[in-house]
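This briefing goes through a multi-chain model by topic.

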Amino acid sequence: MALEWTSVLSFLIDGLMLGFVFGVAAMGLTLIWGVMDVINLAHGPIIALSMFGVYLLMGALGLGNPYPALLLVTLLALPVGMGIYYIAVHRVIDAPHLSSLLATYSVNMMLMGVMNAVFGGAPRNIEFSLGSIKLFGGAITIPTARVVAALAAVLIAAALYAFLYRTRLGRYIRAVTDNRDAAELVGVPSTTILALSFGLGVLLAAFAGGLIATIFPFTIFDGGRYELKSFVIGVLGGLGNPIGSLFGGLVLGLIEGIVPMFLETSWTPVIEFALFVLILLVRPTGLFGGKS
Amino acid sequence: MTVLLRVEEVTKRFGGLVAVNHVSFELQEGEILGLIGPNGAGKTTLFNCINGVYTPEEGRIVFQGQDITGWKPYDVARFGMARTHQIVRPLADLTVRENVMVGAAFGSHAWGLTEAAVRADEVLEFLGLAERADMLAGSLNVAQKKRLELARALASQPRLLLLDEVLAGLNPSEIAEMVETVKAIRDRGITIIMIEHVMHAIMNVSDRILVLDFGQLIAEGTPQQIAQNPKVIEAYLGDPKLAERLMQRGA
Amino acid sequence: MSQRKPALPPAFRLADFWPALPGRHWANWALPLLVVLGLGFFPLLTGKDVHRETMFTLLRAVVMAVSLNIILGYTGYVSFGHVVFFGLGGYVGFYLVAVQGRSLWEALLAGGLAAGLLAWLIGIGILRLRGAYFALVTIGVNEAVKAFIQNFDPFGGPLGLTMNFAVYKAYGGPRAMLQMTYYVLLVLAVLAVLLAYAVRTSKFGLGLLSIREDEDAAEVMGVVTPMAKTWAFVLSAVLPGMLGALFFFRNGSIEPHEAFPLHLSIEAIVMVMLGGQGTVLGPVLGAAGYQAMRAFLLTNRYLKDIQLTVSGALLLLIVLFIPAGLIGWLRRRFPASRRVLL
C-alpha cells in the first residue's frame with residue numbers, strides 16, 4: 001500500500017495529540033502509585049464520571065463550549081478524590097496489595113452502579129465545534145478541539161511539574177514519595193499529603209476524561225478502556241513517575257498513529273498489551289525510569 | 001579435620017560502595033567461627049554472599065568441596081547450609097510447628113511432612129518452644145521469634161549453620177541459655193559461623209574469630225589473639241569501652 | 001573438586017502433592033465437599049430447570065474461586081486476569097467441537113491442557129514480579145490474549161464462533177445436553193475442592209504458604225520458589241480452562257468479550273476474600289454467598305438498579321474490616337475451630 005506523506009503526517013499528528021491527552025490520564029494513575037504504592041482501580045469510572053459531568057454541566061450552564069464546565073468538574077474532582085482516600089484507601093494503605101486493589105475496585109463498582117442507574121449505557125456526545133485547522137493548503141486538516149485538548153494536556157503537565165518542584169506542598173508530596181516514615185519524622189503531615197496526592201491523581205484523571213469527552217463520543221463503560229490505556233502508558237513511562245507518563249502517552253500515541261499504516265487497526269491493542277507485558281518483565285521501571 | 005567451607009577473595013559491591021572486599025578464609029568441620037566487626041562492616045552481606053542471596057562480583061565460595069558461587073539460596077540450602085536472619089522473619093500466619101516443618105521439609109534432607117513434623121517437634125523440644133508449637137508464629141515475643149528462627153534452620157539438619165545475631169535483644173539470662181544452646185548444636189556435629197555483637201558471649205563460644213572492618217578482613221585468630229590485636233582495638237575505637245572490655249576478656 | 005552440581009534432593013516429588021499434613025481432620029475435606037454436593041443436588045430434588053440454571057452459575061463460580069485460591073490464597077500472588085484461562089480453554093474447546101467435530105470430552109481435556117500450558121509458559125516469566133506488578137501483568141496478559149483472538153481468524157476474530165445445534169444430537173439433544181453438562185460441572189467442582197484440599201495439606205502446599213508469608217525466607221529454607229510458584233499457577237489454571245470449554249459448549253457460541261471479561265476475574269477474587277483466602281472451605285462459601293447476594297440484589301425491586309453499588313459497598317466493608325474473610329475470621333476468633341475449619 002503506497003502511503004501519501006500527508007496521510008502519514010496526519011496519522012502522526014493525530015496520534016501525538018491524543019497521546020498527550022491519554023498521558024494526562026495516566027499521570028493521575030501513576031502519581032498515586034508513586035506516592036503510596038496503590039493502583040487506583042477506580043480510575044476508569046472517574047474518567048467516565050468526569051465525561052458525564054462535563055456533558056451535564058455544559059447543558060446546565062447553557063454554554064456553547066465545554067471548557068468552563070471542564071474546569072469546574074476538574075476542581076470538584078480534588079475533594080472527591082480526597083474523600084475516596086479517607087473512606088476507602090487510608091485504612092489499607094499499609095496492608096498487602098490485594099487489599100488496596102480491592103478497596104479501590106469497590107469504589108469502581110459503586111461509581112459504576114450509580115452511573116448505570118442514572119445515565120444508563122447509551123452513548124453521549126458533546127456537541128460543539130471549533131472548526132478545524134488546515135495545513136499544507138488543506139492537505140491535512142486537524143479538528144481544533146483536538147489541538148486545544150493537546151495543549152491543555154501539556155499545560156496541566158507543566159502545572160503539575162511546577163507544583164511538585166516549586167511549592168512546599170509539592171516538596172511534601174515528593175518527600176512522602178521517597179520515604180514516608182522519614183517525612184513524618186521531620187513533621188510532614190503524611191495523611192493529609194497522601195489524601196492530597198490521591199485527590200490530585202483523581203483530578204488529573206477527571207481532567208483527561210473531560211478532554212477526551214470533547215473529542216470522542218462516550219458511554220459510562222468507556223472509562224474501563226481509558227483505564228487500560230493508562231496502565232499501558234504508566235508502565236511505558238515508568239510507574240510512579242508522573243512526568244514520564246507524558247512521554248509514555250507520546251509513545252502510545254505514536255504506536256496508535258503508526259500501526260494502522262501497516263496492519264489493521266485491530267492489531268493495535270495486541271501490540272500495546274504485548275509491549276506492556278514485555279516492559280513489565282524486562283524493565284519494570286519503564287522506558288523513562290520510575291520508582292525502583 | 002577437613003575443610004567444610006572455603007571463601008576465596010570474595011568481593012561484593014553496591015554501586016560505588018565495596019561492602020565486602022576480597023575476603024578469604026577457611027572453615028574446619030566442627031568449628032564455631034565468630035564473625036565480628038563494627039556496624040556496617042559487611043558481616044551480613046558476607047553471609048548473603050555465602051548462602052546465595054547475593055552473587056559476589058569476584059571470588060568463589062567452595063562448600064563441601066563444591067564451588068557454589070552463584071547458586072540460588074534454595075540450592076545452597078538443599079546442599080546443607082542453613083541460616084538465621086538478623087531481623088527475624090517468622091512466617092506469621094503459620095503455626096510455630098509449621099514454620100519449623102518448612103525448614104525440615106525443604107532443607108538438605110527434604111523429608112516428607114510426617115517425618116518433618118517429628119523432626120520439628122524434636123527441635124522445638126530442644127529449644128524450649130514445644131508448648132508453643134500450635135501458636136501462630138506472629139504471636140511470639142522477640143526472644144521466642146529468635147529461637148524459632150534458629151529452630152527452622154536447625155530442623156533441616158544442616159552441615160553448616162550461619163547465625164546472624166541470635167543474641168541481639170536478649171536479656172543476660174537468655175543470652176547465657178542461648179550460648180549453651182549454640183554449644184550443644186555444635187556438639188551435634190553442626191559447624192557454625194556466627195555474627196555477634198555481644199562480645200563476652202562470642203569470645204566465650206568461638207574457637208576462632210574473624211574481624212571485618214569496612215568490608216575487609218582485618219584480623220583472624222583465637223579469641224585471645226583477637227582481643228589483643230591492635231588493629232581490632234583501633235577498628236572499635238568509636239566505642240573505646242568496647243575495646244577495653246575486649247582487653248579485659250582476653251587478659 | 002567436582003565442577004558439576006551434585007545431586008540435590010528433587011524440588012518436589014510426586015508424593016509431595018499428596019495430603020500428608022499431620023493433624024489434618026476429615027472435616028477439612030468433607031465440609032467443603034458436602035457444601036458443593038448439597039448445592040449441586042438441590043436442583044435435582046426440586047427438578048426445576050430454573051434452579052438448575054441458578055446452580056450452574058453458582059458452581060461455575062465455585063470452580064473459579066476455588067482454583068484461583070491456589071495462586072491467590074495459598075501462594076499470595078494476586079492473579080487479576082485469571083479469566084484468561086477460562087477464555088482460552090473456552091476457545092480451544094469450542095474450536096475442537098464446533099470446527100473440528102471432536103467430542104466434548106476431548107474439548108474438556110484440551111481446554112484444561114491449553115490453560116495449564118499457558119500458565120506454565122507465562123508463569124516462569126511473570127511470577128518473578130511481586131505485588132501489584134504481578135496483578136498488573138496478569139491484566140495485561142488477559143487483554144493481550146483477548147486482543148490477539150479478536151484478530152485470529154480460525155477462532156472467528158471479533159465475531160467469534162457459533163455451534164451448529166446438530167452437534168448436541170450426539171448428547172441426546174439440547175435438553176439432555178443441558179442436564180448432562182450440569183453433572184459434568186458438578187464433577188469439576190468436586191475435583192476443584194479435592195485438588196484445593198490436596199494442595200493445602202501437602203508438602204507442596206506448605207511450600208506455597210511459606211512463599212505467601214515471606215518469599216525470601218522461604219528461599220533461604222530451601223523452597224525452590226520458581227518451580228513451586230509455576231506449578232501453583234498451572235494447578236490454578238487447569239480447572240478454569242476445562243470450565244471454559246464446558247461453559248461455551250453449553251452456551252452454543254463464543255466471542256472475545258464473553259470469554260475474557262475482566263470483571264469475572266475480579267468477582268472470583270471477591271468470592272475468595274469473602275470466604276477466606278488460603279482456606280479450603282472459604283472460597284466455596286464465598287462463591288455461594290456472593291452469588292446468593294447477587295441473585296437477591298438482582299431480583300429486589302429497589303436494589304436491582306444499583307446492585308453493583310451495593311456489592312461494591314459490601315466489598316469495601318469486608319476489605320476494611322474483615323480482610324481474613326469468614327473462615328479466616330472464625331479461625332482467628334475461635335482457635336479451637338482451626339482443626340475442623342480449613
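**Helix H11 of chain C**

H11(C) is mostly covered, with eleven of its 14 residues buried. The model is a predicted one.

- Across its 14 residues, H11(C) reaches 21 Å from first C-alpha to last, close to the 20 Å expected at 1.5 Å a residue.
- The buried residues of H11(C) include Ser265(C), Glu267(C), Met271(C) and Gly275(C).
- Within chain C, these buried residues pack against H2, helix H3 (83-98), helix H12 (281-299), H13 and helix H14 (325-333).
- They also pack against helix H4 (97-119) of chain A.

**Helix H2 of chain C**

- H2(C) covers residues 49-74, which is 26 residues.
- Its first and last C-alpha atoms are 36 Å apart, close to the 38 Å expected at 1.5 Å a residue.
- A kink of about 40° is centred on Leu68(C) in H2(C).
- Of the 26 residues of H2(C), 19 are buried, and the helix is mostly covered.
- Just after H2(C) comes Gly76(C), with a positive phi of about 80°.

**Helix H2 of chain A**

- H2(A) takes in residues 43-61, and its 19 residues should span 27 Å at 1.5 Å a residue; the end C-alpha atoms are 27 Å apart, so the two values agree.
- H2(A) is largely enclosed by the rest of the structure, because 14 of its 19 residues are buried.

**Contacts between chains**

- Two pairs of chains touch, and the most contacts are between chains A and C.
- Chain A and chain B do not touch, and their nearest C-alpha atoms are 14 Å apart.
- Between chains C and A, 36 residues of chain C are in contact with 35 residues of chain A.
- Helix H4 (104-126), helix H5 (132-149), helix H11 (262-275) and helix H13 (307-321) of chain C each supply at least two residues of the side that touches chain A.
- H5(C) gives the most to that side, with twelve residues.
- By class, the side of chain C that touches chain A has 25 nonpolar, nine polar and two charged residues.
- The contact between chains C and B takes 25 residues from chain C and 31 residues from chain B.
- On the side of chain C that touches chain B, helix H7 (203-213) and helix H8 (215-220) each supply at least two residues.
- H7(C) provides the largest share of that side, six residues.
- The side of chain C that touches chain B divides into 15 nonpolar, six polar and four charged residues.

**Sheet and helices of chain B**

- Chain B has an open sheet of four strands in the order E2-E1-E4-E5, with antiparallel pairing.
- Strand E2 (17-28) and strand E5 (66-67) of chain B are the edge strands, each pairing on one side only.
- Strand E4 (residues 58-63) of chain B pairs with E5(B) over two bridges, in the antiparallel sense.
- Val62(B) stands opposite Asp67(B) in E5(B).
- Helix H1 (residues 43-50) of chain B lies across strand E1 (3-14), E2 and E4 of that chain, and runs at about 65° to E2(B).
- Val76(B) is part of helix H2 (residues 73-78) of chain B.
- Val76(B) counts as buried because it has 26 C-beta neighbours inside 10 Å, the cut-off being 20 or more.
- Leaving aside neighbours within four places in sequence, Val76(B) is in contact with Asn51(B), Gly52(B), Ile68(B), Trp71(B) and Met81(B).
- Val53(B) and Val76(B) are 23 residues apart in sequence, with their C-alpha atoms 9.5 Å apart.

**Hairpin of chain A**

- Strand E1 (residues 132-135) and strand E2 (residues 140-143) of chain A run antiparallel and are joined by four bridges.
- Leu135(A) has Ile140(A) in E2(A) as its bridge partner.
- Four residues lie between the strands of this hairpin, in which Phe136(A) takes a positive phi near 50°.

Definitions and conventions:
Residues numbered from 1 in each chain as written. Chains lettered and ligands numbered in written order. Predicted model: local features only at pLDDT ≥ 70, side-chain atom pairs only at ≥ 80, totals over all residues. Expected span 1.5 Å × (residues − 1). Bend = angle between axes of the 7 residues up to and from the residue. Buried ≥ 20, exposed ≤ 12 C-beta atoms within 10 Å, placed from the backbone. Pairing = 2+ DSSP bridges. Contact = placed C-beta atoms within 7 Å. Axes fitted to C-alpha atoms, helices over the stretch in contact; angles between N-to-C directions. Nonpolar A, V, L, I, M, F, W, Y, C, P; charged D, E, K, R; others polar.
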